[in-house]
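Here is a short briefing to read alongside the structure. Have a look at the fold below, and then we can walk through it together.

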Amino acid sequence: MKGAVRIFAYLVVGYMLLSIISPLMHVLQVRLYAPDPALAVVVFAAATLEFLPGIVLAWVLGLLRDGFSPGSPIGLNMEIYVIVFFLCYGFAKKLDYRTPITITIVVGVSSLISTGLMLVFLAIFDQDFDDFSLLLRMAIPQAFISAPMGAIASGLLKLTDRHVLGYGKDGVFR
Amino acid sequence: MNQKPERYKLALLAMVFLVLPLVSMYFHGRSQRDQTVIESGLLRVTAPGQQLMHGFFSTLVNGWEKYVYLVRVEEQNLELRDQLQVLARQVGQTRDLEEENKRLRAALDFKQERGDLKLVAAQVVGRDISPQYSVMRVKLDRGQDDGLRPQMPIVTSQGVVGRIEALAGDSADVLLVTDTRSRIDVNVSGKNVNGIVVGTGDGLPVFRFPYQKARLSKGDVLVTTGHDKVFPRGLVVGYLGHSEPKQVDQQLEIVLEPAVQFSTLQEMFIITNVAMQEPEVTADGEER
């Protein structure tokens with residue numbers, strides 16, 4: 001039961017961050033690049049949650065992200081987040097990357113991977129998409145913008161674990 | 001032994017989680033298709049959050065912009081106030097110049113009209129004011145060094161101011177028409193009534209004249225006769241304040257409105273070509 005509440009809490013945090021980003025970028029007049037906070041939540045969840053709850057979270061967050069990104073085919077971010085979750089889950093077994101600096105780096109790398117995956121999936125499934133060069137040019141700046149979201153999201157999720165769910169300081173319980 | 005089926009189960013679930021998005025992408029990636037239930041459902045889920053945040057940020061930005069606008073308005077207000085002060089000062093200076101221009105023009109006209117008089121222009125440099133705020137005495141910036149002598153009459157384009165009472169090197173004290181020691185021979189213009197204008201010391205001199213049948217009116221002009229040997233003939237001294245004289249001793253008396261406004265005196269002329277005589281002393285000790 002507590003696990004389900006935790007997934008729900010992480011989803012709420014992810015939903016809030018996704019809701020904030022788009023209007024914030026609009027207000028700041030940053031049109032081209034937007035950080036991907038949901039990806040940061042998935043990366044943190046991969047280091048914190050069990051496999052099944054984690055993959056469900058990644059899947060639902062991907063679905064929400066697809067909802068927040070009109071124009072992309074539904075399923076694109078679900079697929080990407082699930083694959084990123086697999087990779088980070090495996091990596092977290094070798095290195096606990098939940099410190100602010102390491103998670104920033106891991107989110108940055110995950111963003112690069114997600115752009116690569118996006119390129120592949122759009123090439124295969126999206127019949128209307130043809131601006132691949134733009135996606136390639138955006139990959140590195142997008143990674144740099146998304147990377148700090150790792151530290152922000154992990155901070156928020158740790159707070160959620162501690163104050164909402166009453167978990168330990170590091171949110172280590174799997 | 002029990003871990004293996006569990007692993008297969010997880011692997012199967014993982015496969016499902018991987019394959020389902022691919023299927024979704026396949027359907028949603030096609031061009032020229034209708035909106036699906038999933039898309040409209042997602043829109044319903046995501047729209048409220050975005051609208052809420054958009055409203056929040058818009059309020060924040062609007063509030064900030066209004067604050068910045070107000071700060072700018074305040075700065076602008078201060079700048080405009082400064083500008084207003086400068087402009088008000090300039091307007092004041094322009095009015096002063098206009099007034100001065102009018103006075104000087106009138107003085108010029110007077111000088112041209114009275115070509116028979118030799119005039120020396122002078123400026124007021126000092127003024128004594130009584131406790132009732134009436135001007136008692138003025139000091140001019142001309143004196144002995146300019147060839148002036150006591151008793152020389154002083155006029156403006158409006159009329160008689162008084163005469164020189166005392167002199168120094170470069171300044172002169174003026175005995176005003178309103179001074180109690182002042183006496184000027186006048187007649188009522190067009191009415192053949194002669195008399196004298198006597199200062200009372202309270203700002204308004206009086207016109208004293210012997211009993212006459214002639215009917216006087218308010219506003220009648222009093223002009224100098226030249227009989228006193230101080231003031232040349234034809235200078236306006238003032239205007240009758242009302243038409244009904246009152247009897248004082250064996251004479252009649254009417255309050256006079258002086259032709260010159262002493263409180264605003266600036267420039268004036270000293271008439272230097274009048275045949276000067278020592279003031280006459282009347283039986284009651286008054287100078288004439």
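Read from the N terminus, the elements of chain A run α-α-α-α-α-α. This is a predicted model, and its chain A has six helices and zero strands.

**The chain as a whole**
- Of the 174 residues in chain A, 47% are buried.
- Taking contacts in chain A between residues at least 6 apart in sequence, 72% join residues at least 24 apart.

**Helix H6(A)**
- Helix H6 of chain A covers residues 132-164 and has a kink of about 40° at Ala139(A), shortly before the proline Pro141(A).
- Its buried residues include Gln142(A), Ser146(A), Met149(A), Gly150(A), Ala153(A), Leu157(A) and Asp161(A).
- An α-helix has 3.6 residues a turn, so residues three or four places apart point the same way.
- The partners that the buried residues of H6(A) pack against are helix H1 (2-27), helix H2 (37-48) and helix H5 (100-125) of chain A.
- Just after H6(A) comes Gly166(A), with a positive phi of about 75°.

**Where H1(A) meets H6(A)**
- The axes of H1(A) and H6(A) are 10 Å apart, and the two helices pack at an angle of about 140°.
- H1(A) and H6(A) are therefore oblique to each other, and H1(A) passes H6(A) in a right-handed crossing.
- From H1(A), Ala9(A), Tyr10(A), Val13(A) and Leu17(A) meet Ala153(A), Leu156(A), Leu157(A), Thr160(A) and Val164(A) in H6(A).
- Sorted by class, this contact of H1(A) with H6(A) has eight nonpolar residues, one polar residue and no charged ones.

Methods: Residues are numbered from 1 along each chain as its sequence is written. Chains are lettered from A and ligands numbered from 1 in the order in which they are written. This is a predicted model: local features need pLDDT of at least 70, side-chain atom pairs count only at pLDDT 80 or more; totals for chains, interfaces and linings use all residues. The bend at a residue is the angle between axes fitted to the seven residues ending there and the seven starting there. Helices (H or I, at least four residues) and strands (E, at least two) are DSSP runs, numbered from the N terminus. A residue is buried if 20 or more other C-beta atoms lie within 10 Å of its own, exposed if 12 or fewer, and partly exposed in between; C-beta atoms are placed from the backbone. Two residues are in contact if their C-beta atoms, placed from the backbone, lie within 7 Å. Axes are lines fitted to C-alpha atoms, for helices over the stretch in contact, and angles run from 0 to 180 degrees between N-to-C directions. Angles under 35 degrees count as roughly parallel, over 145 as roughly antiparallel, 65 to 115 as roughly perpendicular and the rest as oblique. A crossing is left-handed if the near helix is turned anticlockwise from the far one by less than a right angle, and right-handed if clockwise. Ala, Val, Leu, Ile, Met, Phe, Trp, Tyr, Cys and Pro count as nonpolar, Asp, Glu, Lys and Arg as charged, and the others, Gly among them, as polar.
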